[in-house]
Amino acid sequence: MKSHFTNQKVASSILSFLLLILCSAQIYAQEEIIFVNANLNNVTPREALDSASNVNADNKWNYKVGVTNGTIEGTYFESHRQAGDDAPDITMTISDLDSLTTYNVYAYFISPSTQDWRVMTKLESENEYAIFSRLSVDTANVELINDNDDTPDRLFRALIGEARAVGSEIKVNFSDDMPSEVLRSCIVGVGYQFLSKEDPAEVLSVVDDAMSIMIYPNPTSDFVLLDLGVDNYYSYTVQILDVAGRLMATQRLVGNKNQIVLPEKAGIYMLHLSCPMIGVDKMERIVKN
């Protein structure tokens, strides 16, 4: 009887240990959120930015440096609305991402407890902006996180949404067009977290099935319109070649419909559409009158 009880106890201990390992594996399987600091190299347009950190009311995003708390690397962009700033919308680009890959995308912003500071942001692929503040915590995928003075009191991270890398990039838009009671908008950076990667073979099959390229008018006297027939999530390139195979022009497609301008001289041209990441390689003959 004693032996039977001991065996049960051992079995229970082993089961508890295995469950602990399983739970730990699930925790560590959570992908890391990679932070990207906003700076003068990855935020555009440049004319919307001011590198003089103490200038306010100039209708630009001021680049603050040497900040001792509330950031990760000691810098951030600020629209000082309280002082009269009305800055243009800006875009931050996350580069060197994996193609055919979907990520969670986050915004990092400052919002102290004593004043109303918010951030207004969206993925470039989306139409509507979202506004986040410290009051959004626990209600809109916003969390208070530790900052560069090791005190979690004013740096927040908000989940903007999911985005698929176009080529190797994801773009995030920011605006300061918020309600009048908002005193400042302070952008620290963005973050990305791996979600899933598509099988190139499956993507190619879907593209081949769905893609119905339309190029019109053809013949034409000036330009042609190129309609991919599918949403353009990838990095397509168009090359215009003459009949001798000489490269006349190159254009990267934006969206699923694009205007392709042809060379001035009348004649026959070849339009080469390619997207190496999903194996698209098509050639169309164009006649220019």
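Leaving out residues up to four places away in sequence, Val-238 touches Leu-226, Ala-249, Thr-250, Gln-251, Leu-253, Ile-260, Leu-271, His-272 and Leu-273, where touching, or contact, means heavy atoms within 4.5 Å. The model is a predicted one, in which local features need pLDDT of at least 70 and side-chain atom pairs count only at pLDDT 80 or more, while totals for chains, interfaces and linings use all residues. Residues are numbered from 1 along each chain as its sequence is written, and side-chain values use heavy atoms, with hydrogens and water left out.

Val-238 sits in strand E16 (residues 237-242); strands here are DSSP runs of E with at least two residues, numbered from the N terminus. Val-238 counts as buried because its relative accessible area is 1%, and the cut-off for buried is under 20% (1.4 Å probe, protein chains only). One of its contacts, Leu-271, is 33 residues away in sequence, yet the two C-alpha atoms are 6.7 Å apart in space.

What does E16 pair with? Strand E17 (residues 247-252) runs antiparallel to E16, and five bridges join them; pairing requires that DSSP finds at least two bridges between two strands. Within this pair, Gln-239 stands opposite Thr-250 of E17. The hairpin of E16 and E17 has four residues between the strands, and Gly-245 there takes a positive phi near 85°. E16 also pairs with strand E19 (residues 267-275), again in the antiparallel sense, over six bridges. Here Ile-240 has Leu-271 of E19 as its bridge partner.

Another piece of the fold is an open sheet of three strands, with the order E14-E15-E18 and antiparallel pairing. Strand E14 (214-216) and strand E18 (257-261) form the edges, each pairing on one side only. On average, neighbouring strands of this sheet are turned by 20° against each other, direction ignored; such angles are taken between lines fitted to C-alpha atoms, for helices over the stretch in contact, and run from 0 to 180 degrees between N-to-C directions. Strand E15 (residues 223-227) and E18 are joined antiparallel over five bridges, and one of these links Phe-223 to Val-261 in E18.

Now for the cores. In soluble globular proteins, nonpolar side chains tend to be buried together. The largest nonpolar core in this model has 31 residues, and Phe-77, Ile-90, Ile-94, Ile-170 and Phe-174 have the most contacts inside it. A nonpolar core is a set of buried Ala, Val, Leu, Ile, Met, Phe, Trp, Tyr and Cys residues joined through side-chain atoms within 4.5 Å. Several strands supply at least two residues each, among them strand E4 (61-64), strand E6 (90-94) and E12, but strand E7 gives the most, with four. Phe-77 has contacts beyond four places in sequence that include Leu-40, Val-43, Trp-61 and Ile-187. A second, separate core of 16 residues includes Val-224, Ile-240, Cys-275 and Val-280.

Finally, there is Ser-175, found in strand E12 (residues 170-175). Ser-175 counts as buried because its relative accessibility is 1%. Its side chain makes a polar contact with the side chain of Asp-89 at 2.9 Å; a polar contact is a pair of N or O atoms within 3.5 Å, where within protein one must be able to donate a hydrogen and the other to accept it, and residues adjacent in sequence count only if both atoms are side-chain atoms. A polar atom of the Ser-175 side chain also lies 3.1 Å from the backbone nitrogen of Asp-177. Setting aside neighbours within four places in sequence, Ser-175 is in contact with Trp-61, Asp-89, Met-120, Tyr-129 and Ser-185.

Terms used. Buried means under 20% relative accessible area, exposed over 50%, partly exposed in between (1.4 Å probe, protein chains only).
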